[in-house]
Amino acid sequence: MTTAAPDTTELQRTFDDTIAAEQRIEPRDWMPEGYRRTLIRQVAQHAHSEIIGMQPEGVWITRAPSLRRKAILMAKVQDEAGHGLYLYSAAETLGADRADLTAKLIDGAQKYSSIFNYPTLSYADVGVIGWLVDGAAICNQVPLCRSSFGPYARAMIRVCKEESFHQRQGYELLMTMMGGTDAQRAMVQDAVDRWWWPSLMMFGPPDDRSPNSGQSMAWRIKRHTNDELRQRFVDMSVPQAQALGVSLPDSQLIWNEQRKSHDFGTPDWAELAAVIAGDGPCNVERITNRRNAHDDGAWVREAAMAFAARERQEAGQ
């Protein structure tokens with residue numbers, strides 16, 4: 001006796017109505033396979049970015065100039081690890097396997113944010129990452145608190161609260177350095193010059209080259225286009241740069257009274273494509289470090305699994 005395949009027409013209608021009503025899709029709800037795949041790709045990339053993102057600033061923990069700065073930086077790097085765990089858990093509710101996601105990252109089958117493939121050459125980079133990189137992340141991630149997928153949206157609420165603190169901490173560090181010596185002010189300006197354009201690229205390619213944005217917005221996974229978020233970030237950053245006393249490295253950056261927004265130059269999209277393809281300054285280093293950490297932690301995973309198996313066995317006796 002054969003069982004007829006379930007008719008998905010009504011299920012699809014319920015899904016569409018839920019999205020249209022601005023309600024949440026939960027893990028046990030029916031969802032189109034394309035929606036599930038898109039979410040796994042996005043959430044996994046986000047989780048990978050949090051974990052890889054520990055590296056650029058982590059190298060400065062031992063070289064932070066004071067115990068206070070060391071404690072602050074350690075806390076921030078620990079926060080990023082926690083963000084990765086929240087997001088891997090969200091991906092698991094979609095049926096993804098965390099070990100499989102990690103293997104795909106290490107093998108290059110899944111990506112992480114291009115921004116983390118640039119080196120941190122001075123301690124001022126720690127502050128600029130807090131200000132610009134975390135600031136860009138906030139612009140991108142706050143709307144995700146209203147994502148249509150419940151576990152992702154709920155995870156983002158805590159992530160965004162902590163990222164906001166990270167941005168304030170980075171900006172405070174830069175304000176302190178700008179009140180210091182000429183050498184410190186020059187260090188901050190150099191870091192701004194190096195991180196500004198990669199920060200603009202964090203939002204992804206322009207809308208006419210972003211193949212996934214349209215469907216993701218239709219499904220309410222994301223709420224704004226790449227270019228909309230990039231514009232918001234520029235408009236937010238300009239007055240902050242003025243208050244800080246640094247210049248942004250863009251000769252085309254000017255206020256457009258008609259648009260009530262800033263006009264700005266075009267990022268080097270060829271550079272972005274190269275970094276995404278694995279040809280950035282630190283791509284190999286970042287993945288090598290992640291692979292080594294994964295291999296070094298194998299005994300911990302094996303011990304945890306053995307302990308869990310023994311607990312199950314004892315519970316069954």
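**Note on cysteines and aromatic contacts**

1. The count of disulfides comes to zero, a disulfide being a pair of cysteine sulfur atoms within 2.5 Å. Cys160 is in no disulfide, and the nearest cysteine sulfur, that of Cys145, is 3.9 Å away. Cys160 is buried at a relative accessible area of 6%, and Cys282 is buried at 5%; buried means under 20% relative accessible area, exposed over 50%, and partly exposed in between (1.4 Å probe, protein chains only).

2. The model is predicted: local features need pLDDT of at least 70, side-chain atom pairs count only at pLDDT 80 or more, and totals for chains, interfaces and linings use all residues. Residues are numbered from 1 along each chain as its sequence is written, and side-chain values use heavy atoms, with hydrogens and water left out.

3. A search of the whole structure gives eight aromatic pairs. Rings of Phe, Tyr and Trp (its six-membered ring) pair if their centres lie within 6.5 Å; planes under 30 degrees apart count as stacked, over 60 as edge-to-face and the rest as tilted. Ring pairs join Phe15, Trp30, Tyr35 and Trp219 in a cluster.

4. Phe203 and Phe233 form a tilted aromatic pair, with 5.6 Å centre to centre and 50° between the planes. Phe203 lies in the loop between helix H8 (182–201) and helix H9 (213–218), and Phe233 in helix H10 (residues 226–244), so the pair ties together parts 30 residues apart in sequence. Helices are DSSP runs (H or I, at least four residues), numbered from the N terminus. Phe203 is buried at 5% relative accessibility, and Phe233 is buried at 0%.

5. Arg63 lies over the face of Trp60, 3.9 Å from the ring centre. The criterion requires NZ of Lys or CZ of Arg within 6 Å of the ring centre and within 35 degrees of the ring normal.

Notes:
Helices (H or I, at least four residues) and strands (E, at least two) are DSSP runs, numbered from the N terminus.
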